[in-house]
Amino acid sequence: MVESRDIEKISLFDGLTDEERRIIAGAMTGDIFPEGHVVYHENEIGCACIYIVRKGKVDVFKTSTDGDPMTLAVLREGNFFGEFSFFDGKPHSATTVVASPDTVVLSLQRPDFDRVAEVYPRIGYKVMINIVHEISAVIRRMNASYIDMAGYMFGRTKR
């Protein structure tokens, strides 16, 4: 069982009161995985869950058009993943592999989140806003990287 103290420093739950954290933690599960464990594969239809690294490290890979794995991210304590499938129920867009021994991963399944949000809409709202903030930050970094890459490849042009 996940305790509220397990999630108090995770940005996904910023702004929640102690009682709200206790409620959402009660809807979550936690697992300890060995190094090399695949949480899910790219294009796999699996759990509509948000996973949170509580301890350890998880690598996120995407397969290139040549079939080679390309690292997208290295996730550490407090980082979360699986949010795309959590929202849209579609297959996972990348593969996630545990990258350190005894990695603790918390999970929140969409049906469990929906039950909490139905009874406690303020909790649902706060968590969803935090997810949006995190996704926005990722997109902003990707946009900056894209512009840097395009400038490097094609030269910068002034208008």
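Author: Start at Asp59, which stands opposite Val97 in E7. This is a predicted model, where local features need pLDDT of at least 70 and side-chain atom pairs count only at pLDDT 80 or more, while totals for chains, interfaces and linings use all residues. Residues are numbered from 1 along each chain as its sequence is written, and side-chain values use heavy atoms, with hydrogens and water left out.

Strands (E, at least two residues) and helices (H or I, at least four) are DSSP runs, numbered from the N terminus. Two strands pair if DSSP finds at least two bridges between them. E4 and strand E7 (residues 95-98) have four bridges, in the antiparallel sense.

E4 has another partner. Strand E4 (residues 58-63) pairs with strand E5 (residues 69-75) over six bridges, again antiparallel. Here Lys62 stands opposite Met70 in E5. The hairpin of E4 and E5 has five residues between the strands. In that hairpin, Gly67 takes a positive phi near 90 degrees.

Now move to another set of strands. Four of them form an open sheet, in the order E1-E8-E3-E6, with antiparallel pairing. Its edge strands are E1 (29-33) and E6, each of which pairs on one side only. E3 and E6 run antiparallel and are joined by two bridges. Look for Ile52: the residue opposite is Phe80 in E6.

Phe13 is found in the segment before H1. Is Phe13 buried or exposed? Phe13 is buried, with a relative accessible area of 1%. Buried means under 20% relative accessible area, exposed over 50%, and partly exposed in between (1.4 Å probe, protein chains only). Contact means heavy atoms within 4.5 Å. Leave aside the neighbours within four places in sequence, and Phe13 is in contact with Ile7, Ile24, Met28, Ile52, Val127 and Asn130. Ile147 is another matter: Phe13 and Ile147 are 134 residues apart in sequence and 32 Å apart in space, C-alpha to C-alpha.

Two of those contacts of Phe13, Val127 and Asn130, are also among the buried residues of H4. Helix H4 covers residues 121-154, which makes 34 residues. From its first C-alpha to its last, H4 reaches 48 Å, close to the 50 Å expected at 1.5 Å a residue. That expected span is 1.5 Å times one less than the number of residues. What covers the buried residues of H4? The cover includes helix H1 (18-25), strand E3 (49-55), strand E6 (80-81), helix H2 (83-88) and helix H3 (110-119). After H4 comes Gly155, with a positive phi near 80 degrees.

Back to the loops. Most residues other than glycine have a negative phi. Asn43 is not glycine, yet its phi is positive, near 70 degrees. Asn43 lies in the loop between strand E2 (38-40) and E3. Asn43 is exposed, at a relative accessible area of 59%. Asp102, also a residue other than glycine, has a positive phi near 50 degrees. Find Asp102 in the loop between E7 and strand E8 (103-109). Asp102 is partly exposed, at 46% relative accessibility.

Next, the cysteines. A disulfide is a pair of cysteine sulfur atoms within 2.5 Å. By this rule there is one disulfide. It joins Cys47 to Cys49, with S to S at 1.6 Å. Cys47 is partly exposed at 25% relative accessibility, whereas Cys49 is buried at 2%.

Last, step back to the whole chain. The protein has four helices and eight strands. From the N terminus on, the order is α-β-β-β-β-β-β-α-β-β-α-α. Its C-alpha trace spans about 55 × 40 × 25 Å along its principal axes. Of its 159 residues, 38% count as buried. Take the contacts between residues at least 6 apart in sequence: 73% of them join residues at least 24 apart. The protein exposes about 10,000 Å², and carbon and sulfur atoms supply 54% of that. Accessible areas come from the Shrake-Rupley method with a 1.4 Å probe; for residues, only the protein chains shown count as cover.
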